[in-house]
Amino acid sequence: MKVILTYPYRLAVLVCLLLTTAGVAIAQKKGSSPDTIHMVAVDSATISRNLSKLAKKDSTIIKSDTAVGVLINRIEGYTLLLNQQMSILKRGFDTMRISNEVPLVDTSLDLVKSNIAGLGRTPNINDIYTNKVMLEQLQRKLGTWQQSLFSYYNQLVGINDTIHSLRRDTSMRNIPAEDELYGFYIGQLSRLIIKFRSVDSANKVSLIKIGLLQNRVANRYIEVSNLLEDMDYRLKTFSANMFRRDYRYLWNPHRDSIDPLKFIPVVRNSLHKSAQVLVIFFSIQWPIFIIWILLAGIFAIWVYNNIRRIRRNHPEQEGEAILQHAQYLYRFPVASIVIFVTTLSSVLSIRYPILYTEINWMLTMAALTVVFRHHLPATLFRNWLLLLGLFLVYCLNNLLIEVTYAEQWGLFICAVLSLLLAVRLLRETAMSTFAHPKFTGPVIKIFAFTSALSLLLVVMARVSTAKIMGSSAVVNLVMALNLYILVKILLEAVFLQVESNKNSSTFISFMDYQDVQRKLITFLTVVAFVGWLIIIARNLYLYDAIYEVISDFLSTSHRLGNSDFTFSSVIIFVLVIWISFVASQLIAYMFGNTGQSTAPAQKTKFGSTLLLLRLAVLAGGVLLAFAASGIPMDKLTIVIGALSVGIGFGLQNIVNNLVSGIILAFEKPIEVGDVIELGTRSGVVKEIGIRSSKIAAYDGSTVIVPNADLISQQLINWTATNRVRRVTFTIGVAYGTNVQQATDIIKSAFPDREGVMTAPEPLVLLSQFADNSINFQVYFWIADLGNAGSIQSAVLAYIYDAFSKAGIELPFPQRDLHIRSVDEGILSRIRQPGSGGRSGDAEKNL
């Protein structure tokens, strides 16, 4: 018998059963801690008795034997679901790391607070900026923690919603009427109740833990945000007042500030505080140090393997001559690797503590000193040592947290020495024959100007700003030289890579280092110049302000017609298109035939597939540019429509060439490296482009041929299958020559001759009885058509010598001249006296 449900939204039987065991749950709660999960056994008899009572009172409880299968399947499904949720809860969430690092955040905050409390009337801009850097790192870390904890909380809420959705299952209101099935149902239900209560209890405990940890992290995040706003305010205040007097004049010091011993405690406290900041920073950002170490190791392995391969693939003297071109990497490998890593770290590590940056600079200076000791003349090296001393003084000065009278005099002396050094460098670079970079003069002039400005500021008692200018002058000069050396090191690394693969079958064997150098040096120089500007902005503490201005300018929305755009999206669009175009050209260069292969007779294996790859790169670049710049993809249809109109009005030839290029890529009638003849032109296919192809003619010129001409005109491909070629020439002998003897002599020119094929064998045929000679037609095959001219020349020279030795005459044209009339004036001049006997001879000849 089955009763129709009258209240479809009432609580299910499972809720009722849980409510009946509330007393047990309360007892568990009173006797256990909130962090402990207890499995409380539920008596089946109690469940059965409570269920019977509930069925008498509630008409929604239905006794039926027809729904037993549905009930059992439903209970098994719920059991599996609860097992999955319990497994997630047992595995727990990765909050141990966050809990363990919260004390480190507290220590960092305490250090920043003590630094803020110690800032005096003349604050150190480096100290303020270091505090800001630490707070930004803490804010980033706390923000990451908040995201993780919020994700964990959402998972727990999802588990809670899942397990409590079981309460709303109305199918659980059906209970078996037969006793045996009823007992089985009660047993299954008992186990389900136990799992439900366990999962629910564990979920509540996890929610409490995550909530408490979220609260701790949120409080610290708010505190860090407040302190960061305070640092921004202090930096803006310093920027507004940086040219105001912040200390006493050199000639009018305070009586207590003259004591030089006051400088020692300031140095000690400053170094101690900077070391604490670096330790805390390393504890937070230690993965970045591992990345730099790995990068140094990878670069070292790369260079070492290339050097080893060059030594292995070349004789000792030849390999040594090649390696000598890498004057930095080969002679100073450790110093070069240090320069590579520390320079990249200095350029990319913008928001790092000042002590970390200075340690990078010191390692760079030590490596440069090792290199310059062997490369610079003695006079320039002494100037470098003076620059090194100034650099170390300014590095120490940047760490001082309090201005002293001794520091003021130190800044004055360093500014004077910097000016003298600038004058010496300008004079010596103008007179020295040592090859120096083109930018040396402008950089030294900037160094002199900044040093003079520092001297003026320290005399005017603007100590903080004088410190910034003096330090920036020295660091900027050092980093300019450093970036120049880094560009040289990177070019040498590419040189070693190319030379170590010259005899391999990889694409690098097709590269011409001179061409690579010309293309790469411009790019690296631009990147190095941008990096130098970043370092200047960092040293002058203008980076953040410039970054904000540029960011606001790029992110501000503008409206053009019905479309909104930002300059950042435009720049991204153009940049992605440019990168895809450069990548396409680079692929064409690296995989194309540059004529530098050690086996010129070998055709490159990449062929016309290169064109498809370039098309794919360009098409992918266009799509990526639309996606990355945020331009709606439906705008692409407008561009395609505009192109369609353009095709109809005048782009037919361009489209014809583009389609022809695709046909060339698929059909492959020619490939890069083929020797072809097109009309009156012949040469080697250098590049199969998207619109046109390049043919290197034998006279040294490069012929640009539209792809449509390659498809529509008759084209001869000498190397479509191989480089074998038949050479033909005609040779004549005088009448009366023994034909068989002449034939044997001609045939004797081919046996054992390098480059001449024996099958098919050379063929000599008597072809013609000409006016003055008996002509022979000679045919022979060569293995490489590139040697046709030299082999034919050698064969003809041999035949000429052999004919001369055999007395066989090579005829030349002969003609009989008959004169029918001569002018009398000419005859009279011939007969004049004084002509001697020659007149008679002349008459006879006439």
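Let me start with strands β11 and β12. Strand β12 covers residues 774–782, and six bridges join it to β11 in an antiparallel arrangement. Strands here are DSSP runs of E of at least two residues, helices are runs of H or I of at least four, and both are numbered from the N terminus. Two strands are called paired if DSSP finds at least two bridges between them. Within this pairing, Leu765 stands opposite Gln777 of β12.

A word on the source: this is a predicted model, in which local features need pLDDT of at least 70 and side-chain atom pairs count only at pLDDT 80 or more, while totals for chains, interfaces and linings use all residues. Residues are numbered from 1 along each chain as its sequence is written, and side-chain values use heavy atoms, with hydrogens and water left out.

Back to the sheet. It is open, has three strands in the order β10-β12-β11, and its pairing is antiparallel. The edges are β10, residues 725–733, and β11, residues 763–769; each of them pairs on one side only. On average, neighbouring strands are turned by 25° against each other, direction ignored. Axes are lines fitted to C-alpha atoms, for helices over the stretch in contact, and angles run from 0 to 180 degrees between N-to-C directions.

Which helix lies across β10, β11 and β12? That is α23, residues 739–747, running at about 25° to β12. A further helix, α24 (residues 788–806), packs on the sheet and touches β10 and β12, its direction making about 25° with that of β10. Contact means heavy atoms within 4.5 Å.

Next, the other sheet. This one is open too, with five strands in the order β8-β7-β6-β5-β9 and antiparallel pairing. Strands β8 and β9 (715–717) stand at the edges with a single partner strand each, so one side of each has no neighbour in the sheet. Neighbouring strands are turned by 40° on average, direction ignored.

Going through the pairs, β5 (residues 675–678) is joined to β6 by four bridges, and Glu677 has Ser682 in β6 as its bridge partner. Strand β6, residues 681–688, is joined to β7, residues 692–697, by five bridges. Here Glu687 is partnered by Lys694 in β7, and the hairpin from β6 to β7 passes through three residues. Five bridges also join β7 to β8, residues 702–706, with Ile695 opposite Val703 in β8. The β7–β8 hairpin has four residues between its strands, and Gly700 in the turn has a positive phi of about 95°.

Now the aromatic rings. A search of the whole structure finds twelve aromatic pairs. Rings of Phe, Tyr and Trp (its six-membered ring) pair if their centres lie within 6.5 Å; planes under 30 degrees apart count as stacked, over 60 as edge-to-face and the rest as tilted. Phe372 and Trp384 have ring centres 4.8 Å apart and planes at 90°, so they are edge-to-face. Phe372 is in α11 (residues 354–375) and Trp384 in α12 (residues 378–399), so this pair ties together parts that are twelve residues apart in sequence. Both Phe372 and Trp384 are buried. Buried means under 20% relative accessible area, exposed over 50%, and partly exposed in between, with a 1.4 Å probe and protein chains only.

Phe439 and Tyr484 are another edge-to-face pair, at 5.7 Å centre to centre and 70° between the planes. Phe439 sits in the loop between α13 (405–431) and α14 (440–459), and Tyr484 in helix α15 (residues 463–500), so the parts tied together are 45 residues apart in sequence. Buried or partly exposed, what is Phe439? Phe439 is partly exposed, at 29% relative accessible area, and Tyr484 counts as partly exposed at 27%. Elsewhere, ring pairs link Phe282, Phe289, Tyr352 and Tyr356 into a cluster.

Ser274 is buried, with a relative accessible area of 8%. Leaving aside neighbours within four places in sequence, Ser274 is in contact with Leu355 and Leu399.

Last, the whole chain. There are 26 helices and twelve strands. Of the 846 residues, 43% are buried. Among contacts with a separation of 6 or more, 77% come from residues 24 or more positions apart.
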